[in-house]
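Student: Could you take me through how to read a structural model, one kind of feature at a time?

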Amino acid sequence: MRNKTKRVALLGVLTSVALVLSYLEAMLPPISTAAPGIKMGLPNIIIVFLLYRFGVKEAATVSFIRVFLVAAFFGGNIMTLAYSTAGAVLSLVLMTLFKKINIFSVVGVSIIGGISHNLGQIMVAIFLFKTVQIGYYMIVLSVTGTLAGIIIGFIGSVLIKKLEKVSF
Amino acid sequence: MKEKRKFKNDVILVVIVIAVATLGLLLLNLFKTEGEMAAIKIDGVVTEWYPLSENAVIPISTGVNNEQKNTLVIENGEAFIRDANCPDKICEGHRAISFVGETIVCLPHKLVIEIVADDSGDGLDAAV
């Protein structure tokens, strides 16, 4: 019972940390105005950490609560919510898959997450704008997604290692 | 799997992504050239060409009684549909186009705006 309470409290704290990271990222100047959508994806540090230290269920829960809260707090609409959700779902599914296959380290799994996050959003854009050519943008985004994935994966793996002995 | 081996796989992953992206970018740039003319295709037949170098507002009428209207705008070397009286308005929402092969399609009006190169072998000289 005590453990469960502790767990819920901890997930709550991590959700708010993810939310703060979203806010922080939104305040930073855009990396490129010519190419919208290029982001570090700071909140994904928390998602990667959760995926490794807790599990898919916890990572998914925090991820969806964050996406919803970001839309609610920072003025999102149905379209931005669709983008974020698609990115979050696809990256979570693929990261879980590649974590299970166990061929990549945390960094590799995070790279998969970075690329698939962009892919999910591009797929929504193609669907919404009915323009297949939007897919060309994925070329740029796959590289920036990889870079973001390396950084996030590195920070995530440091977190996982440092907190290895802490029991949740 | 050992951590060392996993790290190696991470590196392989990065190399593959960058290689594929570079190849894609190369192919795209190889085949993507700035177009010079906007061709108006009605029901699969090109009816008119307009140079992208001259700003213009071109009303297009199609259909049996010419009741189907689209307004093509050429501005700063790019072409886009400003307004249309079709039901779905997809063509209006399409971003401006300027590269060879790019198209804006108005399905209900069977209208296609396509960017073509100047020397596309149509037997027509550009009016520029």
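Predicted model: local features only at pLDDT ≥ 70, side-chain atom pairs only at ≥ 80, totals over all residues.

Student: What percentage of the residues count as buried in chain A and in chain B?

Tutor: Buried means under 20% relative accessible area, exposed over 50%, and partly exposed in between, with a 1.4 Å probe and protein chains only. By that rule 43% of the 168 residues of chain A are buried, and for the 128 residues of chain B the figure is 32%. Accessible areas themselves come from the Shrake-Rupley method with a 1.4 Å probe, and for residues only the protein chains shown count as cover. Chain A exposes about 9100 Å², with 73% of it supplied by carbon and sulfur atoms; the surface of chain B comes to about 7700 Å², with 60% belonging to those atoms.

Student: What share of the contacts joins residues 24 or more positions apart in chain A and in chain B?

Tutor: A contact means heavy atoms within 4.5 Å. Among contacts with a separation of 6 or more, residues 24 or more positions apart account for 70% in chain A and for 37% in chain B.

Student: How far does helix H3 of chain A reach from its first C-alpha to its last?

Tutor: The expected span of a helix is 1.5 Å times one less than its number of residues. Helix H3 of chain A, residues 56-73, has 18 residues and reaches 25 Å, close to the 26 Å expected. Its buried residues include A:Glu58, A:Val62, A:Arg66 and A:Ala71.

Student: Which residue meets A:Glu58 in a salt bridge?

Tutor: A salt bridge is a side-chain nitrogen of Lys or Arg within 4 Å of a carboxyl oxygen of Asp or Glu, and the count over all chains comes to four. A:Glu58 pairs with A:Arg7 at 2.7 Å, N to O. That pair links distant parts of the chain, with A:Glu58 in helix H3 and A:Arg7 in helix H1 of chain A, 51 residues apart. A:Glu58 counts as buried because its relative accessibility is 13%, whereas A:Arg7, at 30%, is partly exposed.

Student: Why are B:Glu3 and B:Lys6 separated by about one helical turn?

Tutor: They are separated in that way because they are three residues apart in helix H1 of chain B, residues 3-31. B:Glu3 is exposed at 54% relative accessibility, while B:Lys6 is buried at 10%.

Student: Is A:Ser116 buried or exposed?

Tutor: A:Ser116 counts as buried, because its relative accessibility is 2%. This residue lies in helix H5 of chain A, residues 106-129, and, not counting residues up to four places away in sequence, touches A:Gly87, A:Leu90, A:Ser91 and A:Leu94. A polar atom of the A:Ser116 side chain also lies 3.2 Å from the backbone oxygen of A:Gly113.

Student: Which residues make the nonpolar surface patch?

Tutor: Patches are made of residues with over 30% relative accessible area and no salt bridge, like charges being joined within 9 Å and nonpolar side chains (Val, Leu, Ile, Met, Phe, Trp, Tyr) within 5 Å. Here A:Tyr23, A:Leu24, A:Met27, A:Phe73 and A:Phe74 make a nonpolar patch of about 520 Å². Helix H1 of chain A, residues 2-27, gives the largest share, three residues. A:Phe73 is found in helix H3 of chain A and is exposed, with a relative accessible area of 53%.

Terms used
Residues numbered from 1 in each chain as written. Chains lettered and ligands numbered in written order. Heavy atoms only, no water. Helix = DSSP H or I, 4+ residues; strand = E, 2+ residues; numbered from the N terminus. Polar contact = N/O pair within 3.5 Å; in protein donor to acceptor, adjacent residues only side chain to side chain.
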